Amino acid sequence: AQALVAAFRFIWRRRRYPRREIDAATALAGIAAATPDQAARAALSALIDSYGPRFALAGFQVAAAARILGSFEGSQSTATLVSAGTGSGKTLAFYLPALSRVASHIQRDAVDDRWVKVLALYPRNELLKDQFAEVYGQARRLDASLAARGRRKILIGTFFGPTPRSAEKAHEARSGWRQTSAGLVCEYLRCPSPDCDGDMAWRETDRRARRERLECLECSAVI
């Protein structure tokens with residue numbers, strides 16, 4: 001049969017990004033106005049403030065975050081599709097309202113009440129690894145705000161091949177944790193401390209004691 005495609009054409013140009021020109025105060029006002037949930041508003045404010053006075057958002061991020069946060073108050077289920085180029089900030093557009101809502105639940109629930117509040121599905125392991133580290137860092141921005149109210153931190157976890165099912169089996173090949181003299185190095189989480197990108201190791205002493213504790217081999221930060 002004849003070839004379906006006889007020639008190839010492509011466009012080679014610099015990637016374009018949406019402008020982040022909405023200042024923090026304006027963005028916060030726009031998103032917070034979408035919900036009457038005072039706890040979520042406070043968490044959102046703490047999140048945005050944690051980025052500093054020069055932090056700014058793109059219009060699609062504000063619109064998406066407001067729609068998602070506001071949809072929790074409705075009586076019907078809704079869906080929101082956020083479409084933007086790679087590196088434009090879609091992750092933040094989703095996790096700003098998601099983490100704010102999680103923090104709100106933690107403040108309103110009983111102290112020992114723990115249940116899954118957000119489920120994020122990723123099509124590729126590499127994307128999950130990258131997003132896991134980013135979301136972990138975002139969740140930590142709410143630690144002080146929750147602690148001031150006598151509440152626990154936000155917990156996140158992964159469920160895919162490299163996640164160890166137990167301390168005893170964390171060294172197995174499928175877990176993907178690299179064996180070193182310092183212990184097992186987590187392959188999908190780097191040090192979350194600013195200006196550090198060190199390996200996070202599960203020390204053998206901690207693993208034998210079944211303490212789920214990772215320590216940075218560069219700056220000794222512990223999670």
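Start at valine 185, which stands opposite alanine 201 in E5. The model is a predicted one.

Now select the two strands around that pair. E4 covers residues 183-190 and E5 covers residues 199-202. E4 and E5 run antiparallel and are paired over three bridges.

Stay on E5 and show its side chains. Which residues lie on each of its two faces? Asp199 and Ala201 are on one side, Met200 and Trp202 are on the other, and all are buried, so both faces of the strand count as covered, buried meaning under 20% relative accessible area.

Go back to valine 185 and look for arginine 178, which stands opposite this valine of E4. Select strand E3, residues 178-180. E3 pairs with E4 in the antiparallel sense, over three bridges.

Next, select methionine 200, whose bridge partner in E6 is cysteine 216. E5 and E6 run antiparallel and are joined by two bridges.

With E3, E4, E5 and E6 shown together, the open sheet of four strands can be followed in the order E3-E4-E5-E6, with antiparallel pairing. E3 and E6 (215-216) are the edge strands; each has a single partner strand, so one side of each has no neighbour in the sheet.

Arginine 210 is in the loop between helix H7 (204-208) and E6. Its phi is near 60°, a positive value in a residue other than glycine. Most residues other than glycine have a negative phi. Is arginine 210 buried or exposed? Arginine 210 is exposed, because its relative accessible area is 61% and the cut-off is over 50%.

Then select serine 220, in the segment after E6. Serine 220 also has a positive phi, near 70°, and is not a glycine. Its relative accessibility is 45%, so serine 220 counts as partly exposed.

The crossing of H4 and H5 is right-handed.

Show the side chains where these helices meet. Which residues make the contact? From H4 they are Thr91, Leu92, Tyr95 and Leu99, and from H5 they are Gln131, Glu134, Val135, Gln138 and Ala139. Coloured by type, the residues of this contact divide into five nonpolar, three polar and one charged.

Technical notes:
Residues are numbered from 1 along each chain as its sequence is written. This is a predicted model: local features need pLDDT of at least 70, side-chain atom pairs count only at pLDDT 80 or more; totals for chains, interfaces and linings use all residues. Side-chain values use heavy atoms; hydrogens and water are left out. A crossing is left-handed if the near helix is turned anticlockwise from the far one by less than a right angle, and right-handed if clockwise. Contact means heavy atoms within 4.5 Å. Ala, Val, Leu, Ile, Met, Phe, Trp, Tyr, Cys and Pro count as nonpolar, Asp, Glu, Lys and Arg as charged, and the others, Gly among them, as polar. Two strands pair if DSSP finds at least two bridges between them. Buried means under 20% relative accessible area, exposed over 50%, partly exposed in between (1.4 Å probe, protein chains only).
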